[in-house]
Amino acid sequence: MRSIWNGAISFGLVSIPIKLVNATESHSISFRQIHTEDGGRIRYRKFCELEDREVSGAEIGKAYEDADGTMIQISDDDLAHLPIPTARTIEIVAFVPADRIDPLQMGAAYYLAAGGAAAAKPYTLLREALKRSNKVAIAKYALRGRERLGMLRVVGDAIAMHGLLWPDEVRAPEGVAPDTDVTVRDKELDLADALMDTLGEVDLADLHDEYQDALEEVIAAKAAGEEPPEAPGPAPGGKVLDLMAALENSVRAAKESRGEEAEPGEHAEVTSLPRRRPTAPEEETGGRRPPAAAKKTAAKKTTAAAAKTAKSAQAKKAAAKSTAKSAERTAAKKAAAKKTAAKKSAASRKRTA
């Protein structure tokens, strides 16, 4: 891996030559800007506003614009000789427990590679000291024209450094949390815990960027002159649901997806929440008065039972009518048979006489 910075770790009186290497890489697909009419590339050219001509990269430098518009040139040599001890040194200033670091402060990650054979022994010493102490090192270093804060920790057999934001660069979460009072019941927390336990852990190595995959499919289809795959339909609009029922169904679905059988009572119908009404003391204190949801469920059951009874009565009535008609038809057939038999008997007597 190519190093992006060379320097040393200052560990008390110990100096460890190191090379800074990027620990992460981006797999994002980059696009070019084009002229949509003919597909020509769009390029940006840099002009000097005083000479009104295009300038090359070798002619471009840095400058600080003063309040009155004056440009104060700052060269790379000026930056390389800044009067600070961290210009080419990662200076360790403290060792703290890892949980003291707010993840909001963490930024870019780097690997620190030993800079030659002479650095192997002090590098290994620092790594093993960090392991045994279960702490991380807080350090200062200069990179890309400014002094930065960093955190050193052990990753495998290497030492990694995470760039940290300065504490005053992290904004307070004011106005982010809901500004209304919300009461979360123990039953809801129990269901949330059950859902978390059922979902379990995940191997982060199994996760991948599905957006990247879909984008690659679109590019491949367009390159082959084919129609890109259709996007899935929009997700249904959000609805206010019965939180308890949603949690119960989530636990049940998670168990089924893992091949586990859901326990009785884990299925619940997800319904829209009714309008809130003042809660009676008996409901808050767990008294005998049933909650509104229970009453609603009982009413549904009663209505369903009544409908079932009505259907049963209609079925019985229809069966009775059918039986009566069948009896009438049987009686008519018997009468017709008797009449025919009588006619035959009379004809027989006439022939005998």
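Is Gln212 buried or exposed? With a relative accessible area of 12%, Gln212 is buried, where buried stands for under 20% relative accessible area, exposed for over 50% and partly exposed for what lies in between (1.4 Å probe, protein chains only). The residue sits in helix α4, which spans residues 210-223. Leaving aside neighbours within four places in sequence, Gln212 is in contact with His27, Ser28 and Ile29, a contact being heavy atoms within 4.5 Å.

The model examined here is predicted, so local features need pLDDT of at least 70 and side-chain atom pairs count only at pLDDT 80 or more, while totals for chains, interfaces and linings use all residues. Residues are numbered from 1 along each chain as its sequence is written, and side-chain values use heavy atoms, with hydrogens and water left out.

Seven helices and 11 strands are found in the protein; helices (H or I, at least four residues) and strands (E, at least two) are DSSP runs, numbered from the N terminus. Of the 353 residues, 17% are buried. The accessible surface comes to about 28,000 Å², and carbon and sulfur atoms account for 54% of this area, as computed by the Shrake-Rupley method with a 1.4 Å probe, where for residues only the protein chains shown count as cover. When contacts between residues at least 6 apart in sequence are considered, 56% join residues at least 24 apart.

A nonpolar core is taken here as a set of buried Ala, Val, Leu, Ile, Met, Phe, Trp, Tyr and Cys residues joined through side-chain atoms within 4.5 Å. The largest such core has 20 residues, and those touching the most other members are Ile9, Ile18, Ile90, Leu112, Leu126, Leu152 and Met161. At least two residues of this core come from each of β1 (3-11), β2 (14-22), β7 (89-97), β8 (106-114), α2 (120-133), β9 (135-143) and β11. Strand β9 supplies the largest share, four residues. A second, separate core holds seven residues, among them Val96, Ile101, Ile138 and Leu164. Met161, for its part, touches a series of residues that includes Leu20, Ile90, Ala108, Tyr110, Leu112, Tyr141 and Leu152, not counting residues up to four places away in sequence.

Rings of Phe, Tyr and Trp (its six-membered ring) pair if their centres lie within 6.5 Å, and planes under 30 degrees apart count as stacked, over 60 as edge-to-face and the rest as tilted. By this rule there is one aromatic pair. The ring centres of Phe11 and Phe95 are 5.8 Å apart and the planes stand at 65°, so the pair is edge-to-face. Distant parts of the chain are linked in this way, as Phe11 belongs to strand β1 and Phe95 to strand β7, 84 residues apart. Phe11 is partly exposed at a relative accessible area of 24%, and Phe95 is partly exposed at 34%.

Charged side chains come next. Six salt bridges are present in the structure, each defined by a side-chain nitrogen of Lys or Arg within 4 Å of a carboxyl oxygen of Asp or Glu. Arg53 and Glu51 form one of them, at 2.4 Å from N to O, and a network of salt bridges links Glu51, Arg53 and Glu59. Arg53 is partly exposed, at 34% relative accessibility. In another bridge, the closest N and O atoms of Arg127 and Glu128 are 3.1 Å apart; here Arg127 is buried at 14% relative accessibility, whereas Glu128 is partly exposed at 37%. Arg146 and Glu169 also form a salt bridge, with the closest N and O atoms 3.4 Å apart. Arg146 lies in strand β10 (residues 146-155) and Glu169 in the loop between β11 (158-164) and α3 (186-199), so this pair ties together parts that are 23 residues apart in sequence. Arg146 is partly exposed, at 36% relative accessibility, and Glu169 is partly exposed, at 36%.

Just after α5, Gly259 adopts a positive phi of about 80°.
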